[in-house]
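Here are my notes on this model, as numbered points. Please read them with the structure open.

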Amino acid sequence: MNLSASTVTPTKVKFQIILTFHHIPYINMKDLTKEYTNGDITILWKPGTCIHAAACVKALPKVYDPKGKPWIKMENATSEELIAQVKLCPSGALSIKSDENPTSQTATKVDVLPNGPLLVHGTIEVANAGNIEQKKVTTAFCRCGASANKPYCDGTHNKVGFEG
Ligand code: SF4
Ligand code: FES
(Lines give C-alpha, C1' and ligand atoms only; values in the text may rest on other atoms or scores of the structure.)
(Ligands and ions follow the chains in the order given, each with its own letter.)
Protein backbone atom coordinates (compact mmCIF):
# COMPACT_ATOMS: atom_id res chain seq x y z
CA MET A 1 0.00 0.00 0.00
CA ASN A 2 1.42 3.35 -0.93
CA LEU A 3 0.29 6.96 -0.58
CA SER A 4 0.09 7.94 -4.23
CA ALA A 5 -2.33 10.68 -5.29
CA SER A 6 -4.44 8.03 -6.99
CA THR A 7 -5.18 6.16 -3.78
CA VAL A 8 -5.42 8.80 -1.06
CA THR A 9 -8.89 10.36 -0.71
CA PRO A 10 -10.59 12.15 2.19
CA THR A 11 -12.55 9.02 3.08
CA LYS A 12 -9.73 6.54 2.68
CA VAL A 13 -6.80 8.36 4.10
CA LYS A 14 -7.00 7.32 7.77
CA PHE A 15 -7.39 3.64 6.85
CA GLN A 16 -4.52 3.77 4.40
CA ILE A 17 -2.20 5.57 6.79
CA ILE A 18 -2.69 2.79 9.34
CA LEU A 19 -1.76 0.18 6.73
CA THR A 20 1.21 2.20 5.57
CA PHE A 21 2.75 2.29 9.04
CA HIS A 22 3.83 -1.31 8.46
CA HIS A 23 5.96 -0.25 5.51
CA ILE A 24 7.24 3.23 6.31
CA PRO A 25 9.15 3.80 9.56
CA TYR A 26 7.70 7.25 10.34
CA ILE A 27 4.92 9.34 8.86
CA ASN A 28 3.65 12.48 10.50
CA MET A 29 0.09 12.85 9.23
CA LYS A 30 0.27 16.61 9.74
CA ASP A 31 3.17 16.84 7.29
CA LEU A 32 1.63 14.73 4.51
CA THR A 33 0.93 16.81 1.39
CA LYS A 34 -0.35 15.55 -1.93
CA GLU A 35 0.13 17.54 -5.15
CA TYR A 36 -2.17 17.72 -8.16
CA THR A 37 -1.28 19.74 -11.25
CA ASN A 38 -2.76 20.67 -14.62
CA GLY A 39 0.57 22.02 -15.88
CA ASP A 40 -0.53 25.58 -15.11
CA ILE A 41 -1.19 25.53 -11.37
CA THR A 42 -0.60 22.96 -8.63
CA ILE A 43 -3.11 22.24 -5.89
CA LEU A 44 -1.68 21.05 -2.58
CA TRP A 45 -3.91 18.91 -0.34
CA LYS A 46 -3.09 18.11 3.29
CA PRO A 47 -5.24 15.15 4.40
CA GLY A 48 -4.24 15.69 8.04
CA THR A 49 -5.72 19.19 7.91
CA CYS A 50 -8.90 18.36 5.96
CA ILE A 51 -11.99 18.64 8.18
CA HIS A 52 -14.19 16.86 5.62
CA ALA A 53 -16.57 19.79 5.30
CA ALA A 54 -16.97 18.83 1.61
CA ALA A 55 -17.05 22.46 0.49
CA CYS A 56 -14.79 21.42 -2.38
CA VAL A 57 -17.13 18.63 -3.50
CA LYS A 58 -20.15 20.95 -3.40
CA ALA A 59 -18.37 23.71 -5.34
CA LEU A 60 -16.74 21.59 -8.05
CA PRO A 61 -18.20 18.06 -8.01
CA LYS A 62 -16.58 17.19 -11.35
CA VAL A 63 -13.16 17.96 -9.89
CA TYR A 64 -13.48 16.66 -6.32
CA ASP A 65 -14.74 13.09 -6.14
CA PRO A 66 -13.85 11.38 -2.83
CA LYS A 67 -14.42 7.98 -4.47
CA GLY A 68 -12.40 8.79 -7.58
CA LYS A 69 -8.80 7.91 -8.40
CA PRO A 70 -7.28 10.42 -8.24
CA TRP A 71 -9.90 12.14 -6.13
CA ILE A 72 -8.95 15.56 -7.58
CA LYS A 73 -9.37 15.75 -11.36
CA MET A 74 -7.79 19.06 -12.36
CA GLU A 75 -8.79 18.71 -16.01
CA ASN A 76 -12.48 19.19 -15.21
CA ALA A 77 -12.20 22.92 -14.42
CA THR A 78 -10.22 25.95 -15.52
CA SER A 79 -7.30 27.21 -13.46
CA GLU A 80 -9.36 30.27 -12.50
CA GLU A 81 -12.23 28.08 -11.25
CA LEU A 82 -9.79 25.91 -9.28
CA ILE A 83 -8.10 28.91 -7.63
CA ALA A 84 -11.46 30.45 -6.69
CA GLN A 85 -12.62 27.17 -5.14
CA VAL A 86 -9.41 26.54 -3.21
CA LYS A 87 -9.93 29.87 -1.46
CA LEU A 88 -13.23 28.51 -0.10
CA CYS A 89 -11.71 25.45 1.60
CA PRO A 90 -12.60 26.19 5.25
CA SER A 91 -9.63 24.40 6.80
CA GLY A 92 -6.78 25.39 4.49
CA ALA A 93 -6.30 21.73 3.59
CA LEU A 94 -6.34 22.87 -0.03
CA SER A 95 -3.94 25.54 -1.26
CA ILE A 96 -2.25 26.65 -4.44
CA LYS A 97 1.51 26.18 -4.54
CA SER A 98 2.69 29.57 -3.34
CA ASP A 99 5.05 30.38 -6.22
CA GLU A 100 2.04 30.04 -8.56
CA ASN A 101 -0.33 32.12 -6.43
CA PRO A 102 0.67 35.79 -6.53
CA THR A 103 -2.53 36.83 -4.75
CA SER A 104 -1.98 34.53 -1.78
CA GLN A 105 -3.63 35.81 1.39
CA THR A 106 -1.52 37.43 4.11
CA ALA A 107 -3.93 39.45 6.30
CA THR A 108 -5.13 37.64 9.43
CA LYS A 109 -8.86 37.11 10.00
CA VAL A 110 -10.65 34.80 12.43
CA ASP A 111 -13.95 33.01 11.77
CA VAL A 112 -15.90 30.84 14.18
CA LEU A 113 -17.39 27.99 12.14
CA PRO A 114 -20.79 27.11 13.66
CA ASN A 115 -20.58 23.68 15.35
CA GLY A 116 -17.01 23.41 14.11
CA PRO A 117 -13.48 24.77 14.40
CA LEU A 118 -12.02 28.24 14.80
CA LEU A 119 -10.67 29.28 11.42
CA VAL A 120 -7.66 31.59 11.34
CA HIS A 121 -7.05 32.97 7.84
CA GLY A 122 -3.62 34.31 7.01
CA THR A 123 0.00 33.55 7.75
CA ILE A 124 0.57 32.68 11.41
CA GLU A 125 3.04 30.92 13.69
CA VAL A 126 1.71 28.31 16.10
CA ALA A 127 3.83 27.67 19.20
CA ASN A 128 2.91 24.21 20.45
CA ALA A 129 4.78 21.99 22.92
CA GLY A 130 8.07 23.72 22.23
CA ASN A 131 7.68 23.63 18.46
CA ILE A 132 6.85 26.54 16.20
CA GLU A 133 4.91 25.78 13.06
CA GLN A 134 4.41 28.20 10.17
CA LYS A 135 0.84 28.15 8.87
CA LYS A 136 -0.39 29.75 5.66
CA VAL A 137 -3.78 30.37 4.07
CA THR A 138 -6.22 28.99 6.71
CA THR A 139 -5.69 27.03 9.94
CA ALA A 140 -8.58 25.23 11.68
CA PHE A 141 -8.28 25.01 15.49
CA CYS A 142 -10.39 22.51 17.44
CA ARG A 143 -13.20 24.00 19.56
CA CYS A 144 -14.97 20.75 20.46
CA GLY A 145 -12.06 19.21 22.42
CA ALA A 146 -12.34 15.86 20.64
CA SER A 147 -9.72 16.23 17.92
CA ALA A 148 -6.95 13.63 17.88
CA ASN A 149 -4.71 16.26 16.32
CA LYS A 150 -4.99 19.14 18.84
CA PRO A 151 -4.71 22.05 18.67
CA TYR A 152 -5.98 21.50 15.13
CA CYS A 153 -9.39 20.31 14.00
CA ASP A 154 -9.48 16.86 12.38
CA GLY A 155 -13.20 16.75 11.61
CA THR A 156 -14.18 14.81 14.75
CA HIS A 157 -16.65 17.56 15.73
CA ASN A 158 -19.02 16.02 13.14
CA LYS A 159 -18.80 12.56 14.74
CA VAL A 160 -19.34 13.82 18.29
CA GLY A 161 -22.21 16.13 17.30
CA PHE A 162 -20.52 19.24 18.65
CA GLU A 163 -22.82 22.24 19.00
CA GLY A 164 -21.57 25.67 19.75
S1 SF4 B 1 -13.15 21.83 1.34
FE2 SF4 B 1 -11.17 21.53 2.34
S3 SF4 B 1 -11.69 20.80 4.38
FE4 SF4 B 1 -13.52 20.52 3.10
S5 SF4 B 1 -13.36 18.41 2.36
FE6 SF4 B 1 -12.47 19.76 0.83
S7 SF4 B 1 -10.30 19.73 1.36
FE8 SF4 B 1 -11.34 18.97 3.14
S1 FES C 1 -13.63 21.39 16.28
FE2 FES C 1 -13.16 19.96 14.71
S3 FES C 1 -12.35 18.27 15.82
FE4 FES C 1 -12.84 19.69 17.38
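**Notes on the predicted model**

1. Start with the core. The largest nonpolar core has 21 residues, and Ile43, Tyr64, Ile72, Val86 and Leu94 touch the most other members. Strand 2, helix 3 and strand 3 are the elements that give two or more residues to this core. A nonpolar core here is a set of buried Ala, Val, Leu, Ile, Met, Phe, Trp, Tyr and Cys residues joined through C-beta atoms within 7 Å. Buried means that 20 or more other C-beta atoms lie within 10 Å of the residue's own; exposed means 12 or fewer, and partly exposed is in between, with C-beta atoms placed from the backbone.

2. A word on the basis. This is a predicted model: local features need pLDDT of at least 70, side-chain atom pairs count only at pLDDT 80 or more, and totals for chains, interfaces and linings use all residues. Residues are numbered from 1 along each chain as its sequence is written, while chains are lettered from A and ligands numbered from 1 in the order in which they are written.

3. Overall make-up. The protein has four helices and eight strands. Along the sequence they follow α-β-β-α-α-β-β-β-β-β-β-α. Helices (H or I, at least four residues) and strands (E, at least two) are DSSP runs, numbered from the N terminus. Of the 164 residues, 24% are buried. Among contacts between residues at least 6 apart in sequence, 49% join residues at least 24 apart. A contact needs C-beta atoms, placed from the backbone, within 7 Å.

4. Sheet 1-2-3. Three strands form an open sheet in the order 1-2-3, paired antiparallel. Strand 1 (34-37) and strand 3 (94-96) are at the edges with a single partner strand each, so one side of each has no neighbour in the sheet. Neighbouring strands are turned by 25° against each other on average, direction ignored. Pairing requires at least two DSSP bridges between two strands. Strand 1 and strand 2 (residues 42-45) are joined by four bridges. Tyr36 stands opposite Ile43 there.

5. Helix 3 on that sheet. Helix 3 (residues 79-86) lies across strand 2 and strand 3, at about 130° to strand 3. Axes are lines fitted to C-alpha atoms, for helices over the stretch in contact, and angles run from 0 to 180 degrees between N-to-C directions. Which residues does Val86 touch, not counting those up to four places away in sequence? They are Ile43, Leu94, Ser95 and Ile96.

6. Ligand 1. The ligand is surrounded by 13 residues, the closest being Cys50, Ala53, Ala55, Cys56 and Cys89. A residue is near if its C-beta atom, placed from the backbone, lies within 6 Å. The shell has eleven nonpolar, two polar and no charged residues.

7. Sheet 4-5-8. A second open sheet of three strands has the order 4-5-8, with antiparallel pairing. Its edge strands are strand 4 (109-112) and strand 8 (138-141), each pairing on one side only. The twist averages 20° from one strand to the next. Strand 5 (residues 118-121) and strand 8 share four bridges. His121 stands opposite Thr138 in strand 8.

8. The hairpin. Strand 6 (residues 124-128) and strand 7 pair antiparallel over five bridges. Asn128 has Asn131 as its bridge partner. Two residues separate the strands, and Ala129 takes a positive phi near 50°. Strand 7 (residues 131-135) has zero buried residues out of five, so it lies largely in the open.

Technical notes:
Nonpolar A, V, L, I, M, F, W, Y, C, P; charged D, E, K, R; others polar. Contact = placed C-beta atoms within 7 Å.
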